[in-house]
Amino acid sequence: MRTTSTAPDRDAPTRERVARSILENGPSTAAALAERLGLTPAAVRRHLEHLTESGTVEGREQKVYGSRGRGRPARVFALTDAGRDAFDQQYDDLAVAALRFLAETQGEDAVVEFARRRVGFVERDYAAVTAEDPTLTPAEALARVFTAGGYAATVRDLPIGDQLCQQHCPVAHVAHEFPQLCEAETEAIGRVLGTHVQRLATIAHGDGVCTTCIPSTASSTQTQIQSTPPTTKEKA
């Protein structure tokens, strides 16, 4: 009689590390994952193959900005919706049903108001973070605020300013149907910085990471506000 093996999957913890690294850092190449996790490229490719077959990740052609060099772009791996579901989600079908009910009974304005109240933590926590560590740039302070809120946020330097990258979105499934949640986040970022910011991509609409462009004028203005000493009149 043939028996089914019940031996534990010893590679499962490492595959979870690979998937979590993609979650926290965004779509990644096999080479980047290998360097980040201290694994061999061959081992990472083997784990990526398994994760792809299980529907946890998917391979994509890496986007190239500016002039493209010779050769094919490197292949990057991003989490699928199923892969994101494997990680803790703060909102589920219950939240969607509740917002549908709110929209049907109270109207779209009520959904917008709910979305704005939900991101109230951005302005509140931003003030606390900058007070605790005044050396942070506005984008770095925002990254800390969103990371604490479950967004795994990082900052990238751009020629025109900074890019706030949210590698994870705890409300992605809800925001897919109710984009007001994303719009409220963007509004909150703009308010704390005192300038217009542009949301370039969102996980809720199929992108690998949520990205928001913060123009350099915002960073310089905020830094000046934090660093400029009070005048004699202000001291008085």
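Predicted model: local features only at pLDDT ≥ 70, side-chain atom pairs only at ≥ 80, totals over all residues.
Let's start with the strands. Strands in a sheet pair through backbone hydrogen bonds, in either a parallel or an antiparallel way. Here, four strands make up an open sheet, and reading across it gives the order E4-E5-E7-E6, with antiparallel pairing. Strand E4 (153-158) and strand E6 (198-201) sit at the edges with a single partner strand each, so one side of each has no neighbour in the sheet. Going from one strand to the next, the twist averages 25 degrees.

What about strands E5 and E7? Strand E5 covers residues 161-166 and strand E7 covers residues 210-215, and the two pair in the antiparallel sense over six bridges. If you want a spot to look at, find Leu 164, which stands opposite Thr 212 in E7.

**Helices on the sheet**

Helix H8 (residues 138-148) packs on the sheet, where H8 touches E4, E5 and E7. The direction of H8 makes about 155 degrees with that of E4. Then there's helix H10 (residues 180-193), which lies across E5, E6 and E7 and runs at about 140 degrees to E6.

**Helices on helices**

Now for helices that pack on each other. Two packed helices are described by the angle between their axes and by the distance between those axes. Here are two such pairs:

| Helix pair | Axes come within | Crossing angle |
|---|---|---|
| H5 (residues 93-106) and H6 (residues 108-118) | 6 Å | roughly 135 degrees |
| H2 (residues 30-37) and H3 (residues 41-53) | 9 Å | roughly 115 degrees |

Take H5 and H6, whose axes cross at roughly 135 degrees. That angle makes H5 oblique to H6. Which residues meet in this pair? From H5 come Leu 99, Leu 102, Ala 103 and Gln 106, and they meet Glu 108, Ala 110, Val 111 and Phe 114 in H6. Sorted by class, the contact of H5 with H6 has six nonpolar residues, one polar and one charged.

The other pair is H2 and H3, with axes crossing at roughly 115 degrees. H2 and H3 are therefore roughly perpendicular to each other, and their crossing is right-handed. On the H2 side, Ala 30, Leu 33 and Ala 34 make the contact, while H3 brings Pro 41, Val 44, Arg 45 and Leu 48. By class, the contact of H2 with H3 has six nonpolar residues, no polar ones and one charged.

Notes. Residues numbered from 1 in each chain as written. Heavy atoms only, no water. Pairing = 2+ DSSP bridges. Axes fitted to C-alpha atoms, helices over the stretch in contact; angles between N-to-C directions. Contact = heavy atoms within 4.5 Å. Parallel < 35°, antiparallel > 145°, perpendicular 65-115°, else oblique. Nonpolar A, V, L, I, M, F, W, Y, C, P; charged D, E, K, R; others polar. Left-handed = near helix turned anticlockwise from the far one by under 90°.
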